[in-house]
Amino acid sequence: MNESPSTSVKRGMWSSRLAFILAATGSAVGLGNIWKFPYITGENGGGAFVLVYLLCIAAVGVPIMMAEVLIGRRGGHSPVRSIQLITERDGANPAWRWLAAVGVLAAFLILSFYSVIGGWAMSYVGTAATGQLAGQTADEIGAIFTGLLGSPATLLLWHTVFMALVMLVVAKGVRFGLERAVSILMPALFVLLLLVVGYAMTTGFFGQAVAFLFQPDFSKLTTSGVLVALGHAFFTLSLGMAVMMAYGSYLPKNISIAKTSLTVSVMDTGVALLAGLAIFPIVFANGLEPGAGPGLIFQTLPLAFGQMPLGSLFGTLFFVLLVFAAWTSGISLLEPLVEWLEERKGMNRLMSTLTAGIACWAVGIASILSLNLWSDFAPLGMFGMFEGKTIFDLLDFFTANILLPLGGLMVAVFAGWVMTRETLEQELSMSPAAFSLWYRTLRYFAPVAVAVVFVYNLV
Ligand code: TRP
């Protein structure tokens, strides 16, 4: 095997395959699975959307995740530097390193509003713990949520706490403590989700929810729904912004990239589907609107906790775990920018964390205001497709539906067309048949699929 560039520099490695899987799963499983997946599924009519989403995960997401991890491990440095090293070795244009720069920008923008939603989850820890959910009607639960959105001060407080927690871990170096935290919290979150699914089965509306999620009705699927499904496949797997590249750079050489990527994707998808099975029976049992939007889980899950035995306890635990899931994802969103500032600007870890974190916090304030004081302000409203979209909506749309697929497309082209086949074969060491399937998907199917969905939506 050739010397890889990483052997020239000593870097810490994940302690095992499990450690990488845990960290990558910690990044992947987050608000995207539990908050976003159910509400966009509701907005896009259920079954057909879910099917497209699953296809995007399998045929675009998994191959691109493998490519990202591979690039990171091959380069062995921060994403920008890794790509630069690979272009030098494989004789390609060094401008490819901008690929990672797009990722850094996207991560920054996502974290700015992600932290606000993480703040919602934090505020619900208190709401559940003080018994405020017990025995409430759907209207009363709805009023709690509306009250939260209407209070910029409360939102700002929790946004600040969330961002501070993320910065705390990033300042210490990401791998410190992350493995252990994820290995306990992820299984716990899984068990609590199962508990809510168990409760949802008693509502009498479980069958209807299963049908809603898994019986495709293609008349409900729109072209923009396909774009949302594709964008969400990237969002939920933490792809398209060099995060998996950064994590892959710590992956020991003897570990199978294909198996680990598949494991992470399956777990991530499993959590999302469980969240759907937990939420939609409650939606139907209470006559709520599946397309209620970003507030969906905050208007449904509290109802379940308000009605089940020991609900305040389970509700508190659930929101604590949701905060942790969001936290481990938030950490992975800040990390690329911090690494970049360290490398490029020569700042130390603490300074770069403070700079990046505070800037991101400040941008987040615009999202907070767009939930209340600026809720009628649609900066790009003059363009038909952005009509009525607030700053928060625009940030979400621009990152998830534009920047991430674009980043993913570039990863696919870079790995599939720029890196040499020998390099790829060496890193993946798969059977020739499996390799060729992956290689073709990456070179042809994934880029074409992303491009087609893009073109259809923009014209
Ligand atoms: N995947 C996370 C979620 O589902 C969000 C996230 C973390 C992310 N890191 C990312 C999204 C990097 C895109 C890229 O909540």
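Q: Why does Phe324 count as partly exposed?
A: This is a predicted model, and in it Phe324 has a relative accessibility of 28%. Buried means under 20% and exposed means over 50%, so Phe324 lands in between and counts as partly exposed.

Q: What makes Trp327 buried?
A: Its relative accessible area is 17%. The cut-off for buried is under 20%, so Trp327 makes it.

Q: Why is the pair of Phe324 and Trp327 called tilted?
A: Look at the angle: the planes are 40° apart. Stacked needs under 30 degrees and edge-to-face needs over 60, so this pair is tilted. The ring centres sit 5.3 Å apart, and pairing asks for centres within 6.5 Å. Both residues belong to helix α14, three residues apart, or about one turn.

Q: How do you know that Trp35 and Tyr39 form an aromatic pair, and what kind is it?
A: Their ring centres are 5.4 Å apart, and the limit is 6.5 Å, so they pair. With the planes at 55°, the pair is tilted.

Q: Why are Trp35 and Tyr39 separated by about one helical turn?
A: Because they are four residues apart in helix α2. Both Trp35 and Tyr39 are buried, too.

Q: What does Trp35 touch, leaving out residues up to four places away in sequence?
A: Ile117, Trp120, Pro294, Ile297, Phe298 and Phe392. Trp35 is also among the residues that touch the most other members of the largest nonpolar core, which has 163 residues. Helix α5 gives the most to this core, with 18 residues.

Key
Residues numbered from 1 in each chain as written. Predicted model: local features only at pLDDT ≥ 70, side-chain atom pairs only at ≥ 80, totals over all residues. Heavy atoms only, no water. Core = buried A, V, L, I, M, F, W, Y, C linked by side-chain atoms within 4.5 Å. Buried < 20%, exposed > 50% of the residue type's maximum accessible area, 1.4 Å probe, protein only. Helix = DSSP H or I, 4+ residues; strand = E, 2+ residues; numbered from the N terminus. Contact = heavy atoms within 4.5 Å. Phe/Tyr/Trp six-rings, centres within 6.5 Å; stacked < 30°, edge-to-face > 60°.
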